[in-house]
Amino acid sequence: MFNRIRKIILLLALCMLAGCGAKEEPQQGPELVLGFSQLGTESAWRSGNSADIEKKAEECGIGLMFENANRKQENQIAAIRRFIAYHVDVIAFSPIVEEGWDNVLSEAKEAGIPVILVDRDISTRKADLISCHIGADFYQEGVMAGEYLIRKADALEMESVKIVEITGTEDSTPMRQRQAGFMDTIAEDERMEIIESVNGDFLKSRGAECMRYLMEKYGDSIDAVYSHNDEMTLGAIPEIEKAGAVPGQDMIIISIDGGQEAIDVLKQGKINCVVECTPMLGQELMDAAKKLEAGEEVDRVIHPEEKYFSDEMDLSGLAPRGY
Ligand code: GZL
């Protein structure tokens, strides 16, 4: 009985959050209510991720409490506390950074609410705070980027490769892992030299600022740009052109995400390689939430299959990317 009352209260809360009045007759609430804290709206990747989660929740008949944290960890923590107060069945979130989650996740555990990480991971000594992590193998994305650069240097018979790196949000899983995978892959290749690494925070505007600074400082001595996401790459390319260089020819451009805009620029020859990082994680999230609600086991880590797109291949038949 309590469960039924709880779900009706939650449905009313969902209605109020969605703007519908409390006057509506309470209906049979959704069987499962999922609280999701999305980190922000900083990129096409993030928008695609949010849209997929909302679409799949509707298709699966799951009640979704969706909150956007505007890229502030404190907003995510507050959202998780609201989800606990509403007694949602499952909590999920994409943590903007890896550290600082133990306290609020301990509160979720004490409340008996399972937590799923979507996209990014956290750093914690308490592995039992999380039931499942659904997200890319960011280290492998860095490896694919490094392997491409080595192949490209071979093809161009380059004797040295001076690289600038534009990194994503400090202390986030994709930033740490994409950097580690790339550096480990090129470490043994004596031609490779990272001349500077600057932080672009996954933002287009910051990517432009970083590239403007790097072009002023190093100019055409740059042989390759390794950018941790498409937004920063798309911000950087006009700055390369303003400085009189030709992206994709005067310097090798490597990006990660695989959104439509970057793929189009790849086809134009201004980007040489785009490593895919799919944002379509909604179905895996809903499946895992249902299993946890039903008390079933779920895999601790779920990595989607990912590939890369480059100037080594014929992309004319590539399907629309959807983000
Ligand atoms: C990666 C995701 C990153 C994307 C960026 O899974 O966390 O955050 O690569 C986004 O576009 O900002």
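Select α10 and its neighbours: the buried residues of this helix pack against β1 (33-38), α2 (44-60), β3 (90-93), β4 (115-118) and β5 (132-134). Packing here is by contact, that is, heavy atoms within 4.5 Å. Helices (H or I, at least four residues) and strands (E, at least two) are DSSP runs, numbered from the N terminus.

This is a predicted model, in which local features need pLDDT of at least 70, side-chain atom pairs count only at pLDDT 80 or more, and totals for chains, interfaces and linings use all residues. Residues are numbered from 1 along each chain as its sequence is written, and side-chain values use heavy atoms, with hydrogens and water left out.

Stay on α10 and show side chains. Pick G282, L285, M286, A288, A289 and L292, the buried residues of the helix. Buried means under 20% relative accessible area, exposed over 50%, partly exposed in between (1.4 Å probe, protein chains only). These residues cover an arc of only 165 degrees around the axis, so they lie on the same side of α10. The arc is that of the directions from the helix axis to the C-beta atoms.

Next, select G295. This glycine, just after α10, takes a positive phi of about 80 degrees.

Now zoom out. The chain has 10 helices and 12 strands. Its C-alpha atoms fill a box of roughly 75 × 40 × 35 Å, taken along the principal axes. Colour by burial: buried residues make up 55% of the 323 residues. Finally, draw the contacts between residues at least 6 apart in sequence; 75% of them join residues at least 24 apart.
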